[in-house]
Amino acid sequence: MNTSATPLVVADGLHRAFHVARGADPVVAVDDVSFTIEAGEALGLVGESGSGKSTIARILAGLERADSGSLRVAGIDRRTVGHGAAARLARARQVQMVFQDPYGSLDRRLTVEQTLTHAMRLHGLAGGRDAKGGAAELLERVRLSATQARLKPYQLSGGQRQRVAIARALAVEPAVLVLDEAVSALDVSVQAQILELLDEIRRESRISLLFVSHDLAVVDEVTDRVLVLFGGAVVEEGRTQDVLRKPAHPYTRLLIASVPGPGWDPHDVIARRAAFELSRSDAST
Ligand SMILES: Nc1ncnc2c1ncn2[C@@H]1O[C@H](COP(=O)(O)OP(=O)(O)OP(=O)(O)O)[C@@H](O)[C@H]1O
């Protein structure tokens with residue numbers, strides 16, 4: 001647990017651009033983004049497709065580098081950990097990531113139990129019988145049975161696979177769990193079960209969450225604070241309940257108005273989008 005006054009995660013001025021074609025302007029995916037996450041806190045990232053959510057998540061998880069800016073987790077500058085396999089392992093110990101499609105990220109040849117024991121051994125956390133005992137504990141935590149432990153990914157449902165992905169992430173006892181659209185592909189009732197599980201894990205272990213989702217209702221349910229991203233930059237941030245109920249920025253209002261519900265009018269969304277685009281072009285001239 002982080003007991004110092006400094007937040008567990010401190011990101012300052014992160015910037016990332018992608019050079020996609022020779023002679024073309026680079027695509028700025030992340031533009032001067034700063035945020036903090038306290039131990040045990042859940043921070044949400046929202047914004048439309050292409051706003052930079054996944055790139056920020058991947059930078060925090062160490063799967064992508066920032067061109068500039070700094071990122072510290074538990075006081076350690078992520079860039080000073082170095083390169084190569086050992087450095088990757090050290091980064092993964094601190095921050096684990098769960099993706100939308102666990103099928104793609106789980107090794108299809110391994111059973112659930114092997115997936116977990118493999119992760120623990122890789123990080124030198126348990127050997128032999130200890131690893132099996134550790135796997136049993138993890139399975140209990142994510143509510144998977146001993147029978148399911150012997151199955152391979154293709155023999156599990158989407159929700160069960162996501163539980164395995166979460167258990168594998170927890171196997172290395174990370175300080176931060178990054179969830180990139182981790183419940184987006186699940187049906188609503190399975191989604192609710194996974195969200196409850198995440199909440200339980202957070203309360204028990206004080207793990208911090210970076211929760212990326214396009215689903216504002218889910219973000220409202222899971223997170224304490226939220227960053228609203230537009231074009232790679234943060235346009236609004238604050239306590240989730242404040243931002244989603246009393247949005248200050250026109251783009252946040254547009255995002256909220258875009259969610260279908262009773263009385264929802266797509267023409268209203270189109271009109272708001274047009275007004276928002278107009279206000280941006282006015283501001284830049
Ligand atoms: N590896 C890459 N190469 C080139 N461009 C990239 C790469 N990764 C991301 N981008 C670009 O960076 C921008 C931000 O992408 P990112 O995936 O972070 O957005 P997002 O908000 O997560 O979108 P979505 O909700 O659709 O996943 C987009 O314009 C995207 O095309």
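Mentor: A crossing is right-handed if the near helix is turned clockwise from the far one by less than a right angle. Keep that for later; this is a predicted model.

Trainee: In what order do the strands of the open sheet run?

Mentor: The sheet has 6 strands with mixed pairing. Its edge strands, S6 (95-98) and S10 (233-239), each pair on one side only. The twist averages 20° from one strand to the next. The order is S6-S7-S8-S3-S9-S10.

Trainee: Which residue in S8 is the bridge partner of Asp180?

Mentor: Look at strand S7 (residues 176-180) and strand S8 (residues 208-212). They pair in the parallel sense over 5 bridges. In S8, the partner of Asp180 is Val212.

Trainee: What angle does the direction of helix H11 make with that of S9?

Mentor: Helix H11 (residues 250-257) packs on the sheet. It touches strand S3 (42-46), strand S9 (225-230) and S10. With the direction of S9, that of H11 makes about 100°.

Trainee: Are H4 and H7 roughly parallel or roughly antiparallel?

Mentor: Helix H4 (residues 112-122) and helix H7 (residues 158-171) pack with their axes 8 Å apart, at an angle of about 20°. Angles under 35 degrees count as roughly parallel. Therefore H4 and H7 are roughly parallel.

Trainee: Is the crossing of H4 and H7 left-handed or right-handed, and how many nonpolar residues has the contact?

Mentor: By the opening definition, the crossing is right-handed. H4 contributes Val112, Thr115, Leu116, Ala119 and Met120; H7 contributes Val164, Ala167, Arg168 and Ala171. By class, 1 is polar, 1 is charged, and the nonpolar residues number 7.

Notes: Residues numbered from 1 in each chain as written. Predicted model: local features only at pLDDT ≥ 70, side-chain atom pairs only at ≥ 80, totals over all residues. Pairing = 2+ DSSP bridges. Helix = DSSP H or I, 4+ residues; strand = E, 2+ residues; numbered from the N terminus. Axes fitted to C-alpha atoms, helices over the stretch in contact; angles between N-to-C directions. Contact = placed C-beta atoms within 7 Å. Parallel < 35°, antiparallel > 145°, perpendicular 65-115°, else oblique. Nonpolar A, V, L, I, M, F, W, Y, C, P; charged D, E, K, R; others polar.
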